[in-house]
Every structure is written in structure tokens, then in C-alpha cells.
Amino acid sequence: MKRLFVCFAAACCAVCAAASSVPFPPLEPAFEISSASSKSLSPSELIRAALLFSGCTEDSAGFSESFSVYQKLEAAVSSSQFMSLDEEERAEAVLSLMYEQVLVRYRENASRMDEMLCSGIYNCVSSSVLYYALATAAGISVAAQRTPEHSFCTAVLSNGTRIDVETTNPMGFSPGKRRPVSSSSYYVVPKKKYSGRHEISGRQLAGLIARNRCSLAMTRNDYETAVPLAAVRMRFMEEDESKTADDSRADFFLVCSNYSAYLQGQSKFEDAVIWLEQAANRWNGHELLQKQYDGALFNAAAVKCNAGQYKEAAEFYEPRKDSVSLSAQKNIEAAIFMATVQGESRKMDDDSAISYLAEKLASMKSGTKDYRQVHSLLEVRWHSKITAAAQEFGWLEAAGLCKDAVQSLPSSSRLKTLHAQCLRNYDAQVHNEFAMLANSGRTEEARAVLEKGLSANPSSRILARDLQSLVQ
């Protein structure tokens with residue numbers, strides 16, 4: 001697959017200029033995220049990036065209000081009073097401060113930082129980003145954690161102690177630890193949501209905001225938002241210094257692939273092909289696009305073939321043939337070949353079509369699907385020619401053509417059956433003529449008719465019986 005996709009990316013340069021019937025979403029990042037400290041983001045720079053990912057522009061009132069709230073929180077956690085606490089106390093105090101000053105209500109899809117900072121509505125991503133930034137500002141080393149459906153943080157103390165922080169819960173410092181809520185009850189944070197966890201960087205954590213917004217946008221088919229936002233996240237992660245695996249590039253191409261599927265759902269197959277080419281050409285391709293590209297190109301060619309536009313299908317496919325997988329190449333070429341054979345033979349008279357189809361068949365491998373289809377087309381044209389001959393010249397002439405046809409297609413049971421039917425019809429024709437003459441007492445003429453018929457069809461049992469009855 002990888003080898004094929006390298007071909008795809010290279011081939012795009014030659015074909016991506018093709019015109020689309022629809023305006024595509026922008027492939028360029030929606031905005032740039034710059035930082036004074038380049039690859040290593042300060043806590044405030046991380047929040048700034050998170051706000052941009054949330055959809056706030058830096059000159060907007062929402063950005064200013066949200067960032068102002070954060071700055072007050074950062075000032076609090078970096079104050080001398082706060083810093084006088086030991087590490088573990090500080091790490092827990094950061095979570096407490098978040099709930100005292102900002103966090104009000106959990107909502108599953110509330111990933112936006114501006115919504116959290118201004119209204120207190122949060123989820124695991126937005127609250128984890130806030131904790132990561134504030135704890136870092138408070139001098140605590142923090143590792144972001146991600147599971148398939150969740151995110152949280154781990155405070156890493158200078159003595160090596162690692163303490164998980166469930167940021168969606170005010171009692172989430174060291175989940176599972178018993179804490180007295182009253183003299184007779186305790187609150188226990190379950191750990192069942194922590195399976196499949198892996199550590200990610202602060203950049204990756206902030207980027208999850210963009211990822212979640214992309215997912216929501218795609219549920220509305222809003223690819224104008226999803227594609228350039230995914231591109232921003234991908235570009236943002238290029239500066240990541242961490243060694244942890246990053247899925248931003250795969251996610252970007254998944255968004256592009258989903259947009260291709262959306263176009264194909266509207267039967268805009270050529271547009272889907274062109275879109276995938278442009279995406280791969282701009283961002284150096286990805287294996288995620290290959291399956292979509294194979295399907296889109298096949299569908300685009302098939303639609304043209306079904307409309308009788310097999311030449312146009314070939315013209316659309318040829319410059320792209322090295323860009324698809326080998327299996328797709330085989331399927332597309334087979335479809336175009338059959339459409340071409342059917343289309344060209346349909347324009348011809350029976351004799352020309354028989355010659356054309358026989359030539360095609362002779363060059364094909366017996367037993368393949370294409371061979372069987374061409375074989376069937378050739379049978380049909382022989383049948384047409386034989387039927388016409390029967391109407392114009394009679395059943396004996398038709399039977400002679402059947403014999404030629406069977407010699408051409410010796411495996412055709414259809415033509416063998418037709419040959420036998422022509423001979424039976426010829427026998428019936430001779431028999432009827434014989435009976436009419438014999439019944440009127442014209443015996444010799446009747447005999448001559450039978451003898452002529454038997455000379456043409458010596459194996460006829462009907463005519464042989466007729467002649468025997470005439471002798472008796």
C-alpha cells in the first residue's frame with residue numbers, strides 16, 4: 001500500500017489541476033499558532049493555542065475575556081503564598097482552585113476553552129488543558145494522559161512520585177483515594193476509565209480541542225471548518241519535541257477521506273478523485289487516502305461507462321492508473337474494457353461486430369470474467385445474424401451459419417441448441433411441403449422434395465420416416 005501511495009502523490013502533480021464542479025474546503029491551515037519560545041510552549045502560550053483551537057480569534061472579545069480569566073488563575077498559582085506549599089499540596093491545590101474559581105458543570109462535548117473559562121462548562125479535555133497549564137505555572141511537572149475516550153493528567157513530583165489527576169471531578173486528585181466528605185461517608189473516584197492510557201505531550205493535549213471540534217463539524221458535514229482546523233493541528237504538532245506518538249497527521253487525512261466519502265455519497269465521484277489528489281499533493285499523501293481514492297476513481301469511471309462515455313472514462317483514468325492499487329487498477333480497466341467493447345460493437349452491423357468480438361476474444365485468457373462477457377456478446381451477435389438469415393433465406397441457410405458459429409465458439413451450448421433448432425425447423429418445412437404434395441397424389445414431386453431435404457440434412461429422422469412411408 002505504501003508503495004502505491006508514493007506513486008499516487010507523485011502522479012498528483014500531473015492531474016491535480018483538473019477542474020472541480022464544487023468549491024472544496026481550504027487545505028491550508030485556518031490560522032497559524034506562533035510562540036515566543038518556539039517548540040517549548042509556556043503555560044500561557046498553551047492556553048493561547050487552546051483558545052485559538054476553540055475558535056476564538058486573538059482580536060475577539062471572547063479571547064480577551066477568556067485569557068484574562070486564565071491570567072488571574074496563573075497569577076494565583078505562581079504567587080509566593082501558593083508556591084510555599086509542598087509539591088503534592090500545590091498539585092492538589094491547583095485542582096481545588098480550578099473548581100473554586102472556574103469549573104461549574106461537566107458536559108461531554110464542552111472542549112472549548114473560552115466556554116470553560118467564561119461560563120464554567122467543561123469536559124475532560126478542556127479541564128485537563130487548564131490543569132496542565134496551571135500546574136506547570138505552579139512549578140509542577142505534568143504529564144498529559146489519553147485513553148480512547150478520555151483524557152486526564154498526572155502530576156510528576158521531583159521525588160519520582162506520579163499522581164493521577166482526574167480533572168472532571170473536584171475530588172479527582174489521586175483517583176480512588178478515600179477522602180472524608182463527612183464524618184460518616186467517603187467519596188471514591190473509580191479507575192475503570194483509565195484502561196488503554198498512554199502519555200501525550202502538552203501540545204497534543206491542546207490539539208485534542210481541535211480534534212473534538214473537527215469531529216463535531218463532520219457530524220454536520222461542515223468540512224469548511226473541519227479540514228483547515230485539522231490542518232492547523234497537524235502543523236501545530238510539527239513543533240512537538242516529545243517522543244510520544246502523534247496522530248494529528250493521520251487525523252487530518254481521515255478528515256480529507258471523510259470529505260471524499262461525503263462527495264461520493266452525493267454521486268460526485270470525479271470531485272472526490274480531484275479532492276483526494278489535491279489533498280495528497282499538498283500534504284505529501286497518506287495511506288488513509290488510498291482506499292478512498294481507489295473507490296472514487298472506480299466509481300467515476302463506472303458512471304461514465306454506464307452512460308456510454310467509455311472514451312471519457314479512459315481519458316479520466318489513464319493519467320491516474322499508476323496512482324491506484326493493483327486490485328483497483330484491474331477492476332477499473334476491466335470495466336472500461338467491457339464498456340468499450342460493448343459500445344464499439346453496438347455501433348457495428350452483425351458481420352463487423354462478429355469479426356471485432358472474435359478478435360478481442362482470441363486475445364483474452366479463457367475462463368476469466370471478461371472472456372465470458374465477450375463470449376456472451378459474440379453469441380448474441382451470431383444469434384442476431386442467424387435469425388436475420390432465417391427470415392431472409394430460410395432455415396437451411398440459418399443452420400449453415402449456426403455451423404460456422406459453433407466452429408467459431410465450440411463451447412457455446414447456446415449456438416449448438418440454435419443449430420439443432422434451425423435443422424428441426426428446416427425438417428418441419430420440408431415435411432409440410434412433402435405432406436401437401438403426397439396428399440394431393442403428386443408422389444414423385446413429394447419424393448423429390450424429401451430427397452432434396454435429406455441431401456441437405458442426412459441425419460433427419462423425420463424426413464427419413466417420411467420417405468419410408470412413401471415407399472410403403
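The model is predicted: local features require pLDDT of at least 70, side-chain atom pairs count only at pLDDT 80 or more, and totals for chains, interfaces and linings use all residues. Residues are numbered from 1 along each chain as its sequence is written, and side-chain values use heavy atoms, with hydrogens and water left out. Helices (H or I, at least four residues) and strands (E, at least two) are DSSP runs, numbered from the N terminus.

**The sheet**

- An open sheet is formed by 4 strands in the order E5-E4-E3-E8, with antiparallel pairing; two strands count as paired if DSSP finds at least two bridges between them.
- The edge strands are E5 and strand E8 (198-200), each of which pairs on one side only.
- Direction ignored, neighbouring strands of this sheet are turned by 40° against each other on average.
- E3 and E4 run antiparallel and are joined by 7 bridges; valine 142 stands opposite alanine 155 in E4.
- The hairpin of E3 and E4 has 2 residues between the strands.
- E3 also pairs with E8 in the antiparallel sense, over 3 bridges, and glutamine 145 stands opposite glutamate 199 in E8.
- Of the 7 residues of E3, 6 are buried, which leaves the strand mostly covered; buried denotes under 20% relative accessible area, exposed over 50%, and partly exposed the range in between (1.4 Å probe, protein chains only).

**The E4-E5 hairpin**

- Strand E4 (residues 150-156) pairs with E5 in the antiparallel sense over 4 bridges, and valine 156 has arginine 162 in E5 as its bridge partner.
- E4 and E5 form a hairpin with 5 residues between them, and glycine 160 in the turn has a positive phi of about 95°.
- In a regular strand the side chains alternate between the two faces of the sheet.

- Helix H7 (residues 124-137) lies across strand E3 (141-147), E4 and E5, running at about 15° to E4.
- Helix H8 (residues 202-219) lies across E3, E4 and E8, running at about 90° to E8.
- Axes are lines fitted to C-alpha atoms, for helices over the stretch in contact, and angles run from 0 to 180 degrees between N-to-C directions; contact means heavy atoms within 4.5 Å.

**The H12-H14 pair**

- The axes of helix H12 (residues 288-306) and helix H14 (residues 326-346) come within 10 Å and cross at roughly 5°.
- H12 is therefore roughly parallel to H14 (under 35 degrees; over 145 is roughly antiparallel, 65 to 115 roughly perpendicular and the rest oblique).
- From H12, Asp294, Leu297, Phe298, Ala301 and Cys305 meet Ala328, Asn331, Ile332, Ala335, Ile336 and Ala339 of H14.
- The residues of this contact of H12 with H14 divide into 9 nonpolar, 1 polar and 1 charged; Ala, Val, Leu, Ile, Met, Phe, Trp, Tyr, Cys and Pro count as nonpolar, Asp, Glu, Lys and Arg as charged, and the others, Gly among them, as polar.

**Aromatic pairs**

- The structure holds 14 aromatic pairs, defined for rings of Phe, Tyr and Trp (its six-membered ring) with centres within 6.5 Å; planes under 30 degrees apart count as stacked, over 60 as edge-to-face and the rest as tilted.
- Phenylalanine 31 and phenylalanine 53 form a tilted pair, at 6.4 Å centre to centre and 55° between the planes.
- Phenylalanine 31 lies in the loop between helix H1 (2-15) and helix H2 (43-53) and phenylalanine 53 in helix H2, so this pair ties together parts that are 22 residues apart in sequence.
- Phenylalanine 31 is partly exposed, with a relative accessible area of 23%, whereas phenylalanine 53 is buried at 0%.
- The rings of tyrosine 99 and tyrosine 122 form an edge-to-face pair because their planes stand at 90°, with centres 5.8 Å apart.
- Tyrosine 99 in helix H5 (residues 87-101) and tyrosine 122 in strand E2 (residues 121-122) are 23 residues apart, and their pair links distant parts of the chain.
- Tyrosine 99 is buried with a relative accessible area of 17%, and tyrosine 122 is buried with 4%.
- Phe24, Tyr223, Tyr259, Tyr262 and Trp275 are linked into a cluster by ring pairs.

- Serine 257, in helix H10 (residues 248-265), is buried with a relative accessible area of 7%.
- Not counting residues up to four places away in sequence, serine 257 touches Leu288, Leu289 and Gln292.
- Leucine 276 lies in helix H11 (residues 269-283) and counts as buried at 0% relative accessibility.
- Leucine 276 and glutamine 290 are 14 residues apart in sequence and 8.9 Å apart in space, C-alpha to C-alpha.
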